[in-house]
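Subject: Structure handover

Hi,

Here is the structure I promised to pass on. My notes on it follow below.

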Amino acid sequence: MSSRVGAFHHKHGVNIRLLENETVAHRVESYNKAVVFSEQPIPLCSSFQVKLLDKGGGWAGSIRFGFSVLCPDDIPVPNGALDLYRSPDFWILSASTVHHNGQERRVDFNLESLQVGQSVGCFVNKAGELHYSIDGKDQGVGWTGLPTDKPLWGFSDIYGLARKIKSEFLYDEQMSCSEDSDEDVTG
């Protein structure tokens, strides 16, 4: 079985331009409306990871990052992660706080300190624990109780100072929305 670098989904924020076979996402305007998803679900225990390629622009804040149980084809593209903090269908790390369903949990690192060339990743293990990593080093559990029986789509909001990211996640086996049509993934 061969691996390939995962691309970003064709459905994304209006301020995003996809480059390099859809493996680079570049926010070309403003500070928001730059949400991207993985093109396919990320398997359990596999990392959704991106590298920060460019920062700047005089804005505040940085990349926001996590997972969703919703297929991007089935939802309107959100303006940004802030619109999703109360959603039961998203787990989002913003700065040093993970947001889910109106609840928050602090973590011991801050995405706003991510520098150009560094990578951020996340994965869900078989126990439903969401782990985050910086440059491949596990930063610990950011949330528990994630579903292990539903597809999980990687999610990133290229917000504020972050301007460009590159996918570093690999696919071995893929599952599309149509392959899981027997199960309702919209909640």
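In these notes, a contact means heavy atoms within 4.5 Å. The model is predicted.

Confidence first. The protein chain averages a pLDDT of 89, and 89% of the residues score at least 70. Residues 173-187 fall below 50. In the model, that stretch still has 27 contacts beyond near neighbours in sequence. Where pLDDT is low, predicted coordinates should not be read in detail.

An open sheet of six strands runs in the order β4-β13-β6-β7-β8-β9, with antiparallel pairing. The edges are β4 (35-37) and β9 (103-106). Each edge strand has a single partner, so one side of each is left without a neighbour in the sheet. Neighbouring strands are turned by 20 degrees against each other on average, direction ignored.

Strand β11 covers residues 130-134 and β12 covers residues 137-143. Four bridges join them, and they run antiparallel. Leu-130 has Trp-143 in β12 as its bridge partner.

Most residues other than glycine have a negative phi. Ala-95 has a positive value of about 60 degrees, although it is not a glycine. Ala-95 lies in the loop between β7 and β8 (97-100). Is Ala-95 buried or exposed? Ala-95 counts as buried, because its relative accessibility is 17% and the cut-off for buried is under 20%. Cys-45 has a phi near 70 degrees, again positive and again in a residue other than glycine. Cys-45 is found in the loop between β4 and β5 (48-55).

Next, the cysteines. How many disulfides are there? The count comes to zero, with a disulfide taken as a pair of cysteine sulfur atoms within 2.5 Å. Cys-45 is partly exposed, with a relative accessible area of 43%. Cys-122 is buried, at 1% relative accessibility.

Ser-94 lies in strand β7 (residues 90-94). At 12% relative accessibility, Ser-94 counts as buried. Which residues does Ser-94 touch, not counting those up to four places away in sequence? They are Arg-64, Tyr-85 and His-99. With Arg-64 there is also a polar contact, side chain to side chain, at 3.3 Å.

Last, Asp-73. Asp-73 is in the loop between β6 (64-68) and β7. Its relative accessibility is 39%, so Asp-73 counts as partly exposed. The side chain of Asp-73 makes a polar contact with the side chain of His-9, at 3.4 Å. Asp-73 and Glu-39 are 34 residues apart along the chain. Their C-alpha atoms are separated by 9.9 Å.

Best wishes

Notes:
Residues numbered from 1 in each chain as written. Predicted model: local features only at pLDDT ≥ 70, side-chain atom pairs only at ≥ 80, totals over all residues. Heavy atoms only, no water. Buried < 20%, exposed > 50% of the residue type's maximum accessible area, 1.4 Å probe, protein only. Helix = DSSP H or I, 4+ residues; strand = E, 2+ residues; numbered from the N terminus. Polar contact = N/O pair within 3.5 Å; in protein donor to acceptor, adjacent residues only side chain to side chain. pLDDT = per-residue confidence, 0-100. Pairing = 2+ DSSP bridges. Axes fitted to C-alpha atoms, helices over the stretch in contact; angles between N-to-C directions.
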